[in-house]
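Please look at the sequence and the structure first.

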2 protein chains.
Amino acid sequence: MTRNVTIGAAQMGPIQLVDSRADVVERLLALLRSGAEAGCDLVVFPELTLTTFFPRWWVDDLAEADHFYETEMPGPETRPLFDEARRLGVGFHLGYAELTPDGHRYNTAILVERDGTVVGRYRKVHLPGHEDHEPWRAFQHLERYYFEPGDGFDVHGAFGGVVGMAICNDRRWPETYRILGLQGCELALIGYNTPIHYAPDPGQDRLQGFHNGLVLQSGAYQNGMWVVGVAKAGHEEGCDLLGETSIIAPSGEVRAMATTVGDELVVAEADLDLCADFKETLFDFDRYRRPEVYGRITGQRGPEVPDHVRAALGAPPEGGPR
Amino acid sequence: MTRNVTIGAAQMGPIQLVDSRADVVERLLALLRSGAEAGCDLVVFPELTLTTFFPRWWVDDLAEADHFYETEMPGPETRPLFDEARRLGVGFHLGYAELTPDGHRYNTAILVERDGTVVGRYRKVHLPGHEDHEPWRAFQHLERYYFEPGDGFDVHGAFGGVVGMAICNDRRWPETYRILGLQGCELALIGYNTPIHYAPDPGQDRLQGFHNGLVLQSGAYQNGMWVVGVAKAGHEEGCDLLGETSIIAPSGEVRAMATTVGDELVVAEADLDLCADFKETLFDFDRYRRPEVYGRITGQRGPEVPDHVRAALGAPPEGGPR
């Protein structure tokens, strides 16, 4: 059995409000077919692939946004993608807004094998942004209004290796990669919609590309896994989204990267056996990790400055620097 | 009270076996005085500053290596450093091999305030390398023979902020920065001795500088803290050590970096209030972390590939890919 997986990271250009699901699925099919021509085993689409990034608008009633969500997968509009994947023998990863039969809403991604069967589903754990309408912002980032958080990171046996998924903001948290790495993950698939403008601290705007690379690359290296970061990119409904779709090796090196902010397929062959170069040496977890020292990571949510430190800084026990 | 700390990252060139403690302390004093002239509040020396990196040699009896360890701090040979620090009003951070009165050996660092008092001590948690003599290597990396592991990461109120320490290999583990960050750390001091040659996988040799930057910068960004990485560098007893001593901002950007592999002071002013740009926005831990999902990080040491994943890959429950 080969341990080489040819991956197509299928960056999507902007999706406007006027674009129909059928329009979008046509673009996905074109990228899937390009992937097949390039010999891909797997084509990776971004977060919330099927619509514009709708958490940028407030609605008084969530039901007004129901049309942005999928109630079945595949559904009538997405079934052509599954059929074509099976016909071509190319698997895919797809992010979309999920509305369950009992009314729960998630920011979800699925992993589909080369025979068109869904082999894994992931619901976003780290929801960024805010819960309430904040009219002072140039645009909203209401993921915490539109979605409930998922409950964990799993891995799946697929494409000859151990495959995990995460979504967008998850990639900024080292815990994401570590939980996947602790399940032997060799390939992490991560779609994102990342506005260049970050309203709470616009000083970070110029750093969006740097930060994207930094977290994807360190997550790959520190866990000895391939990481595929896939953007929805470009100028969407007045908002500029980061591109820089990348395929990153277990060394942390960028193996291939997009050079546009439109629909663009970035292809690389990933040798999953390269993971062992790191997992079995410097990052031999069994030998070198010290979980008995890591208690704060699971034992507390926010920062806790010890009282003796506050005292040394002349700060009261409650308050002061954090 | 100002929240600006002027930091001198005091890279050390090589220390050979023939160099006496007095020779080394003279070099440290010169760097400390340069720091004072540059207006530094704090001068940061590297890991195991006082001797050559002795874990590169095997000895049959640890007692043969006793002369590499400090049994008191300050001791007769290091007291001039404390006296000069007090006289100049410049604090320092110093790594050294520690031998306790009851015979325990640690890879240790201390933090000394501007009045010459020791305000914090740290013992290395993540010990890399090996326990036994491995003659096939060009040189040994016997930290797991020469040292016992430390039991945690603390923070200290010093220099007007919350200061933490880590040592060398600790910097490759995201848990290190996170445990400091969960205590409100604003400034992490990390000395290192990093051979360019990594015997278990020489393919990593060319990446030593890249990996050093990647882990220091991602640790800084993901926790919104200043990170100071300080090398013992250059050609030491036939072994090439990485330089690239750096002062890194909470944005993850390199604020200043060494350009030699000798004794070199890298100076930057660190505004501790910049930490809040990240700690109170994107990385507001209280709001965004999901510790209820992080159980594997403290619950297991090594990787555990789920049985259903092994089954999907045709691997037996015990063995197969990891």
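How many residues lie between β6(A) and β7(A) in the hairpin, and which residue in the turn has a positive phi? The model is predicted, and in it 2 residues separate these strands, with A:Phe159 in the turn at a positive phi of about 55°.

**Strands around β7(A)**
- β6(A) and β7(A) pair in the antiparallel sense, with 4 bridges.
- A:His156 is placed opposite A:Val163 of β7(A).
- On pairing with β8(A), residues 187-193, β7(A) runs in the parallel sense over 5 bridges.
- A:Val163 also stands opposite A:Leu187 in β8(A).
- β7(A) is mostly covered, as 7 of its 7 residues are buried.

**Extent of the interface**
- In chain A, 86 residues are in contact with 86 residues of chain B.
- About 7600 Å² is buried between chain A and chain B, 59% of it on carbon and sulfur atoms.

**Polar and charged pairs, and what chain A contributes**
- Between chain A and chain B there are 10 salt bridges.
- A salt bridge joins B:Glu175 to A:Arg178, with the closest N and O atoms 2.7 Å apart.
- Residue pairs in polar contact between chain A and chain B, both residues at pLDDT 80 or more, number 47.
- Elements of chain A that give two or more residues to the side touching chain B include β6 (155-158), β7 (161-167), α4 (174-181) and α5 (208-223).
- The largest share of that side, 8 residues, comes from α5(A).
- By class, the side of chain A that touches chain B has 35 nonpolar, 26 polar and 25 charged residues.

Definitions and conventions
Residues numbered from 1 in each chain as written. Chains lettered and ligands numbered in written order. Predicted model: local features only at pLDDT ≥ 70, side-chain atom pairs only at ≥ 80, totals over all residues. Heavy atoms only, no water. Contact = heavy atoms within 4.5 Å. Buried area = accessible area lost by both parts, 1.4 Å probe. Salt bridge = Lys/Arg side-chain N within 4 Å of Asp/Glu carboxyl O. Polar contact = N/O pair within 3.5 Å; in protein donor to acceptor, adjacent residues only side chain to side chain. Nonpolar A, V, L, I, M, F, W, Y, C, P; charged D, E, K, R; others polar. Buried < 20%, exposed > 50% of the residue type's maximum accessible area, 1.4 Å probe, protein only. Pairing = 2+ DSSP bridges.
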